[in-house]
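Here is a short briefing for a reader new to this structure. Take a look at the model first, then go through the points below.

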Amino acid sequence: MLFDGVLTINTRRACFLVPCLASFPVLFLPAQEPAGLAAAALADSSFTWIHRAAPGFRVYFLADSYAAANQDSLLARLPPALDHARSRIRAPALDGPIDLFYLENRAQMTALIGGRATGFAQPSTRTVLLVTNPEWRGFERHEIMHVVAQDAWGRPAPGTDWLQEGLAQAADGVCAGYSNADVMLALTARHGWIPLDTMLTSFRAQPDLRAYLQAAAFVGYLLQHHGPEPLEELWRRGARPDSLIRGRPLAALERRWRGKLRPRQEVSATTLSAVESKGCG
Ligand SMILES: [Zn+2]
């Protein structure tokens with residue numbers, strides 16, 4: 001809980017290797033002013049922010065940080081990330097700007113959100129927080145997709161964590177310089193697949209790297225072959241193995257997807273171990 005009775009942080013399991021999503025109710029929503037988590041971050045006197053803007057964004061760099069020293073190049077990445085997210089799901093323009101904050105490290109993130117993550121989105125207030133430093137790239141595409149998807153499709157149905165994170169990580173597209181699918185295939189060769197039913201019912205209880213990449217690769221496949229409309233339906237109504245996508249059960253599509261998957265680029269055992277230890281950043 002950040003604000004008594006106003007904003008409730010979801011305290012489900014932390015994500016250490018990949019970004020996280022906060023999807024929780026916020027009871028006040030001024031249309032254009034920074035709200036919720038953005039307002040709280042701006043009001044926190046332990047942080048000094050450098051204010052910048054880019055089309056569709058109000059951006060805040062932590063003073064004396066790596067991001068502040070690289071603000072122009074980081075700013076330039078944001079409008080294309082927003083365009084990319086919107087085009088992936090054919091979403092309309094947002095009603096207002098995204099308030100996006102660049103932090104230096106995970107401790108600062110924890111101070112602001114009360115949990116552990118390297119990226120964080122509060123879609124209801126169009127707020128995004130990103131950690132970036134010389135050792136970790138910011139996942140702007142991932143977190144911006146969380147905002148865009150919820151803005152376009154509304155509050156997600158319960159049990160759609162796999163879809164929310166799959167969409168976001170599919171928007172990001174890469175893990176340690178490899179495609180999501182290539183790293184996922186290497187992970188499944190080492191650890192096995194997470195069954196679809198488990199993905200749908202207890203996504204957050206799975207090892208986050210494996211779950212996120214398996215969801216991302218599957219959602220990316222569904223988007224590519226069936227477009228965003230069936231995914232919007234699942235987002236709004238929830239998903240089961242027998243949910244239909246263009247007349248075919250989700251479970252059948254998942255089997256077909258698995259059977260067709262081929263690696264484009266081999267991920268070495270050494271690289272895979274590094275990814276498992278450090279994450280996709
Ligand atoms: Zn996420």
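At roughly what angle do the axes of helix H3 (residues 71-89) and H5 cross? They cross at roughly 45° and come within 9 Å. The model is a predicted one: local features need pLDDT of at least 70, side-chain atom pairs count only at pLDDT 80 or more, and totals for chains, interfaces and linings use all residues. Residues are numbered from 1 along each chain as its sequence is written.

**Overall make-up**

- The protein chain has 12 helices and 9 strands. Helices (H or I, at least four residues) and strands (E, at least two) are DSSP runs, numbered from the N terminus.
- Of the 281 residues in the protein chain, 44% are buried. Buried means 20 or more other C-beta atoms within 10 Å of the residue's own, exposed means 12 or fewer, and partly exposed lies in between, with C-beta atoms placed from the backbone.
- Take contacts in the protein chain between residues at least 6 apart in sequence: 67% of them join residues at least 24 apart. Two residues are in contact if their C-beta atoms, placed from the backbone, lie within 7 Å.

**Confidence**

- The average pLDDT of the protein chain is 91, and 89% of the residues score at least 70. pLDDT is the predictor's confidence in each residue, from 0 to 100.
- Residues 1-14 stay under 50 in pLDDT, and the model gives them 26 contacts beyond four places in sequence.
- Residues 23-30 also have a pLDDT below 50, with 20 contacts beyond near neighbours in sequence.

- Angles under 35 degrees count as roughly parallel, over 145 as roughly antiparallel, 65 to 115 as roughly perpendicular and the rest as oblique.
- Axes are lines fitted to C-alpha atoms, for helices over the stretch in contact, and angles run from 0 to 180 degrees between N-to-C directions.
- The crossing of H3 and H5 is right-handed. That means the near helix is turned clockwise from the far one by less than a right angle; anticlockwise is left-handed.
- Residues of H3 that meet H5 include Leu78, Ala81 and Ile89. Among those on the H5 side are Ile144, Met145 and Val148.
- The contact of H3 with H5 has 10 nonpolar, 1 polar and 4 charged residues. Ala, Val, Leu, Ile, Met, Phe, Trp, Tyr, Cys and Pro count as nonpolar, Asp, Glu, Lys and Arg as charged, and the others, Gly among them, as polar.

**H6 and its partners**

- The axes of H5 (residues 140-153) and H6 (residues 161-172) come within 7 Å and cross at roughly 130°. That makes H5 oblique to H6.
- The crossing of H5 and H6 is right-handed. Among the residues in contact are His142 and Met145 of H5, and Leu167 and Ala168 of H6.
- By class, this contact of H5 with H6 divides into 5 nonpolar, 4 polar and 2 charged residues.
- H6 also packs with helix H9 (residues 208-226), at about 80° and with the axes 7 Å apart. H6 and H9 are therefore roughly perpendicular.
- Trp162 and Leu163 of H6 are among the residues in that contact, as are Tyr212 and Phe218 of H9. The contact of H6 with H9 has 11 nonpolar, 3 polar and 1 charged residues.

**Positive phi in loops**

- Asp64 is in the loop between strand S2 (57-62) and helix H2 (66-69). Its phi is near 60°, a positive value in a residue other than glycine.
- Asp64 counts as exposed because it has 10 C-beta neighbours inside 10 Å.
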